[in-house]
Amino acid sequence: MKRHTSSASGPTQRQLRVGELVRHAIAEVLMRGDLHDPALRGVTITVPEVRMSPDLKIATVYVMPLGGGGADMVVKALAREARHLKNEIRRKLTLKFLPDLRFRLDTTFDEGARVDAILDSPAVRRDVEGGGQ
C-alpha cells in the first residue's frame, strides 16, 4: 500500500528533529571558524533553519551573513565548503545517511519587513481603522 503524503501537512517530527541537529552542527562549525574558503574568513553567519527532505538525504540550509552584506558570495563559498561541513556533521551526529547540503539565502527577515511596510501603509491603516467604508 502506497502511503500518501501531503506537502500541506508540513514536515514530520523526524524531519524537524534531524534538521535541528544538522543546524546545530553546522552553526558550531561556523562559530569555530573551521572553514578553508578565504571568502568566509571573518564573516559571521547565522543559520536560522535547516529543512530536510522527506527521505532525510538532502538538507537545505538557510543562511544569512550578519549585516546581510555579500550574501550571494557567502552562499557560494558555503557550497564550496559543503564536503568539509558534511565531514564535520559526520563526526558530531550518528545518522544512517549523511545529507547532501544545499545552501540558500534566508529571506524571511526581508519578507517580514515587506509585510510590516504594507501593514503600515496609509491605505491599510485607513481600512483597519474603519475609514475605508
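Two strands pair if DSSP finds at least two bridges between them. I kept this in mind while looking through the structure, which is a predicted model.

Entry one, the hairpin. I looked up strand E1 (residues 45-52) and found that 6 bridges join E1 to E2, the two strands running antiparallel. They form a hairpin with 5 residues between them, and in the turn I noted Leu 56, which has a positive phi of about 65°.

Going through the partners in E3, I wrote down Asp 100 for Ile 58 and Leu 101 for Ala 59.

Entry three, the sheet. I read the order as E1-E2-E3 in an open sheet of 3 strands with mixed pairing. E1 and E3 are the edge strands, each pairing on one side only. The twist averages 30° from one strand to the next. Helix H1 (residues 13-32) packs on the sheet and touches E1, E2 and E3, its direction making about 155° with that of E1. Helix H2 (residues 71-80) also packs on the sheet, touching E1, E2 and E3, with a direction at about 175° to that of E3.

Entry four, Thr 60. I asked myself: is Thr 60 buried or exposed? Thr 60 counts as buried because its relative accessibility is 17%, and buried means under 20%. Its strand, E2, is mostly covered, with 7 of its 8 residues buried. Thr 60 is the bridge partner of Arg 51, and I listed its contacts beyond four places in sequence as Glu 49, Val 50, Arg 51, Arg 102 and Arg 104.

Notes: Residues are numbered from 1 along each chain as its sequence is written. This is a predicted model: local features need pLDDT of at least 70, side-chain atom pairs count only at pLDDT 80 or more; totals for chains, interfaces and linings use all residues. Side-chain values use heavy atoms; hydrogens and water are left out. Buried means under 20% relative accessible area, exposed over 50%, partly exposed in between (1.4 Å probe, protein chains only). Helices (H or I, at least four residues) and strands (E, at least two) are DSSP runs, numbered from the N terminus. Contact means heavy atoms within 4.5 Å. Axes are lines fitted to C-alpha atoms, for helices over the stretch in contact, and angles run from 0 to 180 degrees between N-to-C directions.
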